[in-house]
Each structure stands twice: as C-alpha cells, then as structure tokens.
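Take a first look at the structure below.

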Amino acid sequence: MSRSNHAGMSFWGAGNASEPVWPRERPNYSSLAAAVQGETARWNVPGIAAGIVQDGHIEIVTAGFANLETKQPVTPDTVFQIGSVSKIYTATLAQILAEEGILDLEEKIVTYLPDFTLADAGAAKQITVRQALSHQGGFEGDIFDDQGLGDDALEKSVASAKTWKQWVQPGELWFYNNAGFYLVGRVIEVLTGKPFETVMREKLLDPAGLNNTMLFTHEAILHPHAVGHNLKDRKGEYTIAQPYAIPRHAAAAGYIIQTVGDLLRFAQIHLNGGEIDGVRILSEARVKDMQVPQIKASNFADHYATSWALEGIGGATIVQHGGSTNGFRAHLDLLPESGFAVAVLTNGSPGTVAYDSIRRWALEHYRNLKDEPRAAIELSREALEKRVGRWERQMARIDISLEGDELVASMTEVNDETGKPVGEPRTMTLYPLSDDEFGVVDAEGLGESWMFVELHPDSQGNNRDLLRMHGRLLERVQPGSDKPKKAAKAAKADKPEKDDKGKKKKK
Amino acid sequence: MTQSQPVWPFDRPAYESLAAAVQGEMARFNVPGLAVGILQGTDIDVATAGFGNLSARLPVRDHTIFQIGSITKVFTATLAMILVQEGLLDLDTPVKTYLPDLELSDAEATGQVTMRHLLSHTSGIEGDRFLDYGLGDDALEKSISEYNTLQQWYAPGEMFAYSNTSLSLAGRVIEVLAGTSYEQAMHQKLLSRLRMPDTALFTHEAIVRDAALGYITRDRADGYELATPYAFSRQITPAGNIVSSVSDLLRFARFHMNDGENILRADLARSMRVPTPLLDGSDGVFGIGWSVTRIAGTTMVAHNGSTGGQQALLCVWPERGYAIAGLSNSNKGLEALGSIVEWANERYRGIVIPKPEAIDLPVSDMEQWSGTWERHDRRLEFSVVDGIFTAEVTNLDPLDVKLSGKMESISLEPLAENKFRATTGDMKGAVVEFIRLRPDARGQNRDLVRIGGRLAERRMS
C-alpha cells in the first residue's frame with residue numbers, strides 16, 4: 001500500500017504539440033456538480049464527495065456510491081478516509097502545542113524523546129520537530145509493521161526506529177516520510193501524557209467544531225461511511241479494500257475519517273488566519289508559518305512547507321496535500337491569498353486521477369488558474385544512457401533501459417523476505433523534462449516527475465546515485481559492488497526473471 | 001372512549017410462511033430489522049425484514065451482519081474443544097496450570113477453577129465487569145490480572161450463575177495455549193476451517209461489510225436511538241463480540257448438528273451438549289458453551305445474545321436435524337425473535353415448549369423473600385404490593401453512566417414457593433429463583449436470589 005501525497009504534474013511529450021501526455025483532455029464542465037459527476041463516470045470511481053470554499057461559502061457535491069456492495073449512495077454526511085491529508089492536522093496540532101509553549105518546533109526530537117534512535121544514531125540526534133513535519137528526516141519513512149491496536153502502538157513503533165534506514169542526513173534531501181509524523185505524534189503523547197488521538201480530539205477537533213471527524217473505526221462505523229474499493233481496471237471489477245484501517249501507530253500520518261464538509265471547515269481555519277466561527281484555533285503567524293517553504297521537492301510538489309506541499313499552478317502557489325490509503329484517495333488545495341479551497345474525497349483506486357482532474361478544473365473555473373504543461377526536451381544519447389541501470393528500495397526495483405531513443409522504466413514489486421518479484425513488472429516511458437528530471441505516468445494513471453539525484457559526494461563523503469520517484473528514494477545498484485544484503489539477495493534471486501522480462505518487452 | 005385502551009400486544013397471527021412471520025413480528029414488535037434462518041436437514045430458509053441501518057435506509061439482507069452477543073460464548077467453547085482435540089488443553093485441569101499468575105479473590109477457588117467450570121458458568125466468579133482495557137492485544141491479559149477483585153460467589157462447581165468474566169478468562173487460556181491473540185486463534189482454528197465469510201471479531205472487519213447498527217428504545221412507542229459504543233471493549237470479545245449473518249450461524253449450527261464434521265471429533269462435539277454436573281450430582285444448566293434443555297425426550301442446545309442494541313438467538317435440535325438462527329438490531333429484538341421461534345417450532349416441527357403455569361401463593365410465603373438483596377452492580381428490593389410480589393431494581397454500577405441509579409419496578413408471578421417469573425419491564429419472562437443455603441460450604445447461612453442468571457445476596461439489616 002502506498003500512502004503519499006499526490007498531485008499530478010502535467011507535461012507534453014517530445015515534439016508532439018497535439019495533446020499533452022498528462023493530463024488527458026477533460027470536458028469543459030460548467031459547474032462543480034457536472035465536474036464531479038463527469039469525472040466519477042470518466043474514471044469509474046465508486047464515489048466522490050467534493051466541495052469548494054469561496055468567499056466564505058461552502059459548496060458540496062457528491063456522486064456515486066459509498067459502498068458498491070450495499071449500494072449506499074455518497075451524501076454530504078458520508079465519511080471517508082482522508083489518508084495523508086491527516087498530516088496537516090498533526091502539524092496543526094503541533095502548532096497548537098507550540099502556541100501553548102509546550103513544544104518548540106525548532107527543538108530536536110531527542111529533547112522530547114531521549115531514547116529515540118535510528119539505524120544512524122548520529123542522525124537521530126540531529127532531527128528537529130520542524131524537519132520531521134517537512135519530510136526532511138532522511139530516514140526510511142514507510143514503516144507499516146503492525147504494532148497492534150493498543151494505546152501503546154505509537155510508542156512501540158517509535159521504539160523500533162533503531163532499525164529505520166538512514167538514506168541521507170537530516171535536511172540534506174527531501175523525500176516523503178510518513179514515519180517523521182509518527183515521531184511528532186509520539187512527542188505529542190509524551191508532552192501531554194495522553195494517546196495521540198485523545199489530544200487531537202481535545203485540542204483540535206472539538207474546539208474547531210469538527211463533529212463529523214473520527215480517528216477510530218469504531219467511531220466511523222456508527223456514521224454513514226464509505227468503504228475503499230480497489231479496481232483492477234476501468235471495466236468496473238472491484239474488491240472492497242481490506243484491511244479498512246491503516247495500523248494505529250500511523251494515525252499521526254494518515255488516519256482521519258471525515259465528511260468533506262468537515263475537511264472544508266478545517267481548510268477554513270487555514271484560510272481565515274487560524275479562526276473558525278469566532279473561535280481562535282491558531283495564531284495567524286503560525287498559520288502562515290506552516291506555509292513557509294522548508295525544502296525543495298519534486299515528483300508531485302515544488303516545495304514542502306511544514307506539512308503542506310506547495311505547488312505552482314498558473315503563476316499561483318497552491319498550498320495542498322493529498323492522501324492515499326487502501327481504496328481511498330483524497331486531496332485538499334488552498335489558495336490562502338484568495339480564500340479559496342477545493343477538497344475531493346474518493347473511495348476508489350482511480351480516485352487520484354479523478355481528484356486531480358476535479359481540482360484542476362476548479363482552479364481554472366473559479367480562479368482562472370491554468371497549468372501550463374511542461375514540454376519534453378531532447379537529450380543526447382549519452383545523457384540518456386547515464387540513467388540506464390537498476391535502482392532499488394525496500395519492496396521495489398526499477399530497471400531503466402534505453403529502447404530506441406526512449407528511456408523505459410520497468411518497475412517490479414519485490415518481496416523483501418524472499419527477494420522474489422511479486423506480480424508482473426510495469427513499464428513506463430520517461431519523457432525528459434530537464435537533464436535530471438523526467439515525466440512519467442504512474443501506476444494510477446497520474447502524471448509525475450522522476451528526479452535523478454547525484455550526491456557526488458553526499459554529506460558523508462560517499463558518491464551515490466539516487467532516483468526519487470513518488471516521493472521515495474531508490475539507490476542505484478551496481479553489479480558486484482557493495483550493496484545492502486537484501487538487495488544483493490534480491491538481485492541474485494532474480495536472474496531468470498530478468499531474462500523473461502527482456503523477452504516480454506519486445507512485444 | 002376509554003383512555004387506556006390497549007393497543008398492544010395483539011395475539012400473534014397464524015402466519016403462513018417464514019417471510020410473513022418475520023415481516024409480521026418485525027412490525028408487531030416494532031424492531032428496526034430482523035433476519036431469521038431455519039435449517040432442516042440440509043434445507044435452509046432465510047427471511048429478512050426492515051433496516052439494518054435506519055439513517056442510511058440500508059435494508060437487512062441475507063448477508064447483513066449483526067452482533068451475536070453472547071452466542072460468541074459457544075464459539076469460544078468450540079474453539080476450546082479444538083484445543084482439547086489438539087492435546088493442548090484438558091477441561092478438568094485447573095486453569096492455574098495454564099495461567100500460573102492467575103489470582104482470584106478466593107485462594108482456594110484459584111486452584112480449583114477449571115475450563116469446564118468456566119465454559120459451563122459454574123466457576124462462581126462474579127460474572128459482570130465491563131471495564132475498558134484498551135484495544136491492544138494485551139487487553140484480555142490486563143483484565144485477568146485484576147480478577148482478584150471479583151467476588152467469588154460459591155465454590156467452583158457448586159451451582160450455576162451466568163458469567164461473562166469466566167468466558168474472558170477462558171479466552172485468555174486459549175491465547176496462552178494457542179500462542180496468538182484470541183481473535184487470531186478463532187480465525188485460524190475455527191472460522192477459516194468452517195468457511196464463515198460473514199463472521200468477524202473486530203470493528204475494522206465489520207466496517208467493510210454490510211453491518212447492522214444497534215438501536216435502543218425504552219418503550220416501543222418511543223422510537224429508537226442509535227446504540228453506542230458499537231461494540232463491547234476488547235477484553236469482552238470471547239464473551240460477546242462476534243458479528244455474523246444468519247447463513248453463517250446456520251453453518252455453525254450444522255457443524256454442531258453433524259457432530260463436528262471433520263474439524264472437531266464427534267465425541268468432543270457431542271460432549272458439549274451434556275449438562276455439566278454440579279458438585280451435588282445434579283445437572284447444571286449449561287453444557288460446554290451451550291445451554292442444554294431436554295424437551296419431550298429430545299435435546300435443544302441454544303444460546304441468546306444481547307449487546308447494547310442488538311439481540312440474537314441460536315437454537316439447535318441436533319437429534320431432529322433442526323436449527324433456527326435469529327438476528328435483530330434492537331434491545332427488544334428477542335421478544336420478536338422468541339415469538340418467531342415459537343411459531344416456527346410449532347409450524348415446522350410440531351414442537352410446543354410448555355411454559356410453567358403461575359400458581360397461587362399466599363402472601364406470607366412471598367413475604368419470606370421480602371427485603372433488600374444486592375450484588376456489586378444491582379440492588380433488588382422485594383416486597384408485596386397490593387398482593388403482587390414486586391422487585392424494585394436499582395443499578396449501582398457507577399461506571400455505567402447510562403443506567404446508573406436507574407430504577408425499574410418489576411411485577412412477578414409465582415411459579416413455586418421460591419420461584420417467580422417477571423411479567424413486566426426489561427426482564428419480562430426472566431425467572432427469579434430464591435436459594436437458601438443452610439449452611440453453605442463456608443458454614444454460613446446465606447440467602448441468594450438468581451435473576452436473569454445472576455446472583456444477589458440478601459443484605460442483613
């Protein structure tokens with residue numbers, strides 16, 4: 001399961017001016033209702049709840065089904081998982097504690113969690129709360145081992161951090177990091193002496209009047225709730241996504257369940273300088289502080305701020321975040337200057353493409369902000385050959401080869417235990433956008449950019465070739481060189497598969 | 001016009017089909033939703049009516065899942081029997097052997113209580129404690145570590161008193177012997193082998209299914225409120241947190257009717273249906289997990305379930321190849337289900353379960369029981385009011401916010417000198433039995449009363 005922020009990056013193919021590779025052409029909808037209905041149908045999404053805030057007014061539109069088995073329709077009362085959009089709640093909660101003088105965002109995590117350590121103990125001592133909230137920790141962030149449902153789940157997860165791999169030093173390089181939010185969640189628990197979810201409810205959800213917002217499955221079951229759906233293709237065959245919930249220890253990174261109305265209410269807090277219905281949740285300075293760029297990003301955002309992703313569209317800076325859990329996709333965009341927000345909640349795996357289309361339509365329709373797709377450029381054969389090779393991370397491998405004059409990536413999911421590939425590889429064309437950045441259409445049909453990062457040397461004096469895609473890092477694996485044990489095992493176990501794949505590709 | 005013209009209850013109509021009976025009784029008792037299934041040999045007849053979820057207007061369907069409440073106990077008992085079959089568990093070995101840290105309030109009982117006592121409600125351990133020990137895998141273990149604060153009512157095996165806590169303790173024994181959480185053991189060793197796709201133990205499993213919500217009404221005329229929280233806290237799971245459909249419950253009934261199929265040895269499956277003897281040699285009310293009743297030369301094993309807002313029943317007549325499962329999402333659902341079962345028993349199998357007739361009892365015989373009786377969470381004040389034996393029930397549980405301090409007055413009709421039946425209130429139909437221990441095992445004179453399977457003791461003024 002991938003859980004990440006995700007907004008589509010648009011680009012043209014090389015020398016082809018007729019239609020961009022991404023996004024695919026969208027009808028020119030005349031209303032939000034038409035856009036939501038249209039995109040629900042176009043991408044075969046089970047259900048969507050979407051809404052906008054403009055000039056303090058909220059408009060909500062729903063389409064499709066909350067559950068394809070029971071045929072319960074989506075209504076404005078339906079609660080969806082918002083996945084990683086929850087990270088903005090965690091950061092807002094951290095800012096509330098900062099305002100109370102309990103927490104200092106510039107302080108190091110070890111100040112609050114003296115026992116906290118990573119595989120790289122030196123790095124663990126450096127990381128600040130701010131870095132953890134802006135994906136700058138530098139350690140592996142996809143940590144989803146099951147730590148149970150108990151109040152001690154988060155504590156147990158953070159205690160296991162001594163095994164979390166350090167990719168780069170804190171602050172050195174952006175890559176998406178769920179586990180950074182676990183650290184902040186745990187800091188909040190230690191500072192308040194209460195479970196993370198309790199603090200979230202007491203200090204943010206209740207004061208903000210977010211009454212249709214839940215943190216537990218046993219709360220959500222009592223409300224009209226969407227279930228997630230995984231669709232194999234657009235023919236409509238689906239499975240209801242199980243497990244429903246992400247592991248409890250990951251709550252601070254992605255486990256809010258709410259109505260689109262509540263998400264827009266939360267957005268209004270950030271549009272209104274920290275206030276909602278006359279209740280001050282956060283100071284205006286802290287709301288703005290959350291939107292200050294902290295580190296340059298790529299893939300699906302230009303910069304990351306304190307939990308927010310920043311993306312330039314049509315000359316404006318969009319303050320946004322996406323979410324992806326099992327069978328749910330969600331997105332929230334703010335235009336703080338103009339008091340505008342658009343939120344889209346979906347309960348199907350094609351939801352990413354649909355929400356991206358709806359948000360782009362809304363930005364254009366309501367705010368006249370039109371994205372200019374980036375044009376692919378010509379790169380020398382030498383510049384392309386430089387990227388050929390094998391790149392690996394936990395559970396994934398990408399083989400890049402040159403086919404004719406196109407770079408083609410073949411992506412394989414790998415079982416870390418056995419080192420064996422899982423399922424069929426997916427192949428994608430890489431469209432050069434600059435010397436080191438390439439446009440691709442990802443597994444969910446969404447445009448994003450892949451970034452090659454050469455650290456020659458990195459802060460530790462080593463020469464490393466990294467590939468950053470989907471917010472994750474992969475490292476080039478050189479045949480015969482020193483590499484992680486698991487990677488070596490994986491490469492070895494896979495010799496025959498490599499040949500198979502070579503044959504398949506000729507088709 | 002008389003002001004208090006009775007509009008309720010009408011007599012049960014003579015329904016022509018299960019569908020009519022389920023529709024009719026749903027309406028007559030104003031239950032939001034019902035699902036009833038009947039198994040005869042290999043034939044299954046299922047009828048559903050009403051809504052599983054009132055606000056979402058989701059109809060009850062064949063695979064709608066409901067909370068089965070205490071029917072879970074039969075699942076727990078069956079799982080224990082699988083551990084017996086695997087050679088991991090002996091029903092008559094003190095559970096202290098498996099849980100060396102176990103400490104009950106009574107040291108002697110601590111060393112005596114066996115799995116058989118726990119699964120047949122004869123352990124003597126105070127049966128109701130619904131505290132919250134969190135959602136973690138350690139919830140059961142944590143709750144058991146505080147069992148030394150539960151009253152020991154009698155020596156293990158001495159008599160019957162319904163005990164939720166005993167089933168949680170049995171669940172903990174299962175965890176230790178299986179080396180997994182209780183829920184994992186249930187899935188691996190029983191549910192997956194029986195292929196029961198609609199049966200689950202956790203809310204995160206229920207939420208992706210067509211799950212009915214529970215509803216509560218004080219009175220049928222009042223309308224319904226959503227029952228919250230959805231489930232019991234996790235340490236209660238072995239006693240009452242399973243959710244299931246009628247088709248899955250009938251699958252489970254068939255498994256027992258077929259003497260365990262190839263999953264549980266026939267002698268072990270059959271032994272669950274034998275009443276557990278008490279210390280004095282008489283038959284207990286329960287076998288292993290099942291309540292056991294002999295009716296007209298044949299055996300009925302059964303269990304009811306009742307959670308906040310959902311009620312269920314399962315009755316199996318193994319010798320007749322007949323079973324009935326009923327699910328409802330109301331705190332009054334058992335009245336409707338009971339009536340449907342009565343109708344079905346007669347209609348399909350010609351079975352009429354005799355109801356004991358009320359007798360005439362002199363007021364002086366009733367008055368011998370007058371006075372105040374208590375257990376940790378209830379006070380019962382018995383008296384004769386206008387010639388009618390009456391109980392005033394007060395909830396003493398300070399943790400039960402909804403019910404704390406609530407009083408209810410129950411009218412009772414005599415069935416014997418020491419036996420009465422509630423004719424009004426939430427406990428309607430419940431048997432009240434006075435027990436005079438003279439002297440008990442500890443050499444004290446004690447007067448006990450058992451109401452709804454729970455004991456209370458006469459408070460000496």
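Asp248(B) counts as buried, because its relative accessibility is 4%, under the 20% cut-off. This is a predicted model. Asp248(B) sits in helix α10 of chain B, which covers residues 246-257. Leaving aside residues up to four places away in sequence, Asp248(B) touches Met196(B), Pro197(B), Asp198(B) and Thr199(B). With Thr199(B) there is also a polar contact: the two side chains meet at 2.6 Å. Asp62(B) is 186 residues away from Asp248(B) in sequence, yet the C-alpha atoms of the two are 9.9 Å apart.

Ser291(B) is another residue of chain B to look at. Ser291(B) belongs to strand β8, residues 291-295. Ser291(B) counts as buried because its relative accessibility is 17%. Its contacts, again without residues up to four places away in sequence, are Val285(B), Phe286(B), Met300(B), Val301(B) and Ala302(B).

Now the two chains together. How many residues of chain A are in contact with chain B? The count is 20 residues of chain A, against 21 residues of chain B. About 1800 Å² is buried between the chains, and carbon and sulfur atoms give 71% of that area. On the chain A side, Leu149(A), Ile221(A) and Leu222(A) lose the most area to chain B; together they give 37% of what that side buries.

Cavities come next. The whole structure holds seven of 30 Å³ or more.

Last, the backbone of chain A. Most residues other than glycine have a negative phi, and most peptide bonds are trans. The table lists departures from this pattern.

| Residues | Backbone feature | Value |
|---|---|---|
| Gln242(A) and Pro243(A) | cis peptide bond | omega about 0° |
| His456(A) and Pro457(A) | cis peptide bond | omega about 0° |
| Asn368(A) | positive phi | phi about 55° |
| Met395(A) | positive phi | phi near 65° |

Where do these residues lie? Pro243(A) is in the loop between β8 (238-240) and α10 (251-254). Pro457(A) is in the loop between β24 (447-455) and β25 (464-469). The loop between α13 (351-367) and β18 (374-375) holds Asn368(A). Asn368(A) counts as exposed because its relative accessibility is 65%. Met395(A) lies in the loop between β19 (389-393) and β20 (396-403). With a relative accessible area of 42%, Met395(A) is partly exposed.

Key:
Residues numbered from 1 in each chain as written. Chains lettered and ligands numbered in written order. Predicted model: local features only at pLDDT ≥ 70, side-chain atom pairs only at ≥ 80, totals over all residues. Heavy atoms only, no water. 1 Å grid on protein atoms, 1.4 Å probe; cavity = no way out; pocket = protein on both sides within 12 Å on 5 of 7 lines; lining within 4 Å. Points joined across faces, edges and corners; volume = space filled by probe spheres on them. Helix = DSSP H or I, 4+ residues; strand = E, 2+ residues; numbered from the N terminus. Buried < 20%, exposed > 50% of the residue type's maximum accessible area, 1.4 Å probe, protein only. Contact = heavy atoms within 4.5 Å. Polar contact = N/O pair within 3.5 Å; in protein donor to acceptor, adjacent residues only side chain to side chain. Buried area = accessible area lost by both parts, 1.4 Å probe.
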